[in-house]
Amino acid sequence: MSIKFPYTQGQSAAVSHIISRRVSVVQTNMVGQVVPSDDELKQIFQGAMAVPDHGQLNPARFVVIKGDKKRPYINKMYAVKTAGNPNFPLSEDEYAHNFSGVGMFIVAFANIQLGKIQPYEQEWSVAASIQNMLNLFYAFGYAAKWNSMHKDKAEPFKDYLNVDAVWVPMGYLMIGKSADTAKQKSRDDYQQFFTDF
Ligand SMILES: Cc1cc2nc3c(=O)[nH]c(=O)nc-3n(C[C@H](O)[C@H](O)[C@H](O)COP(=O)(O)O)c2cc1C
């Protein structure tokens, strides 16, 4: 055990266990529209700040959508989807039903600053923030899932959320509660992806 980072073996094992066992839960398996407590959310959101951030640019921006803001946002997602695909088979209510268990959305953006630090590095930093939150939601017993927001379909969402038009969409998280949270997933053995040089 180092003097600088004096964690007990039990604490280290717990963190390792949580990170290795984390699973995503699809939104249709989320139930009850559960939202973490304010104290939990503070810890989870603060965890999003503890990421590698080349140049200390703080590129991550998050918009939290919960309570009565959720259904109008789902309707917006439906409007964007059906505008791009008039043959989309679901009605608005049927589409919204897919999200009926979701407690909260977090829409993630990268506020890219042009200069020495490459834009992709800044996006990766935001991705690391998202992953920290996924791990922390799991650690606190919540279900979470990360979905894409395609860059060429982001304009109506940025407009709706009243965010800066230059922000790069990094996707959105759905948070909830699920019996599925406990379901384990088999992961590939790391050894085939690591080589000794
Ligand atoms: C950047 C990114 C975007 C994703 N977008 C979607 C998506 O739009 N729809 C989807 O079903 N899964 C998407 N996924 C996959 C899920 O978030 C998740 O990683 C996958 O279901 C595997 O589950 P796991 O987290 O348990 O490994 C995305 C993953 C990443 C990293």
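Accessible areas here come from the Shrake-Rupley method with a 1.4 Å probe, and for residues only the protein chains shown count as cover. On that basis, the accessible surface of the chain comes to about 12,200 Å², and 54% of that surface belongs to carbon and sulfur atoms.

Before I go on, please keep in mind that this is a predicted model, in which local features need pLDDT of at least 70 and side-chain atom pairs count only at pLDDT 80 or more, while totals for chains, interfaces and linings use all residues. Residues are numbered from 1 along each chain as its sequence is written, and side-chain values use heavy atoms, with hydrogens and water left out.

Let me turn to the fold. The chain has six helices and four strands, taken as DSSP runs numbered from the N terminus, with helices being H or I of at least four residues and strands being E of at least two, and along the sequence they follow the pattern α-α-β-α-α-β-α-β-α-β. Along the principal axes, the C-alpha atoms fill a box of roughly 60 × 45 × 40 Å. Of the 197 residues in the chain, 39% are buried, where buried means under 20% relative accessible area, exposed means over 50%, and partly exposed lies in between, again with a 1.4 Å probe and protein chains only.

If we consider contacts, meaning heavy atoms within 4.5 Å, between residues at least 6 apart in sequence, then 82% of them join residues at least 24 apart.

Finally, I would point to F193, which lies in the segment after β4 (168–176). F193 counts as exposed because its relative accessibility is 56%.
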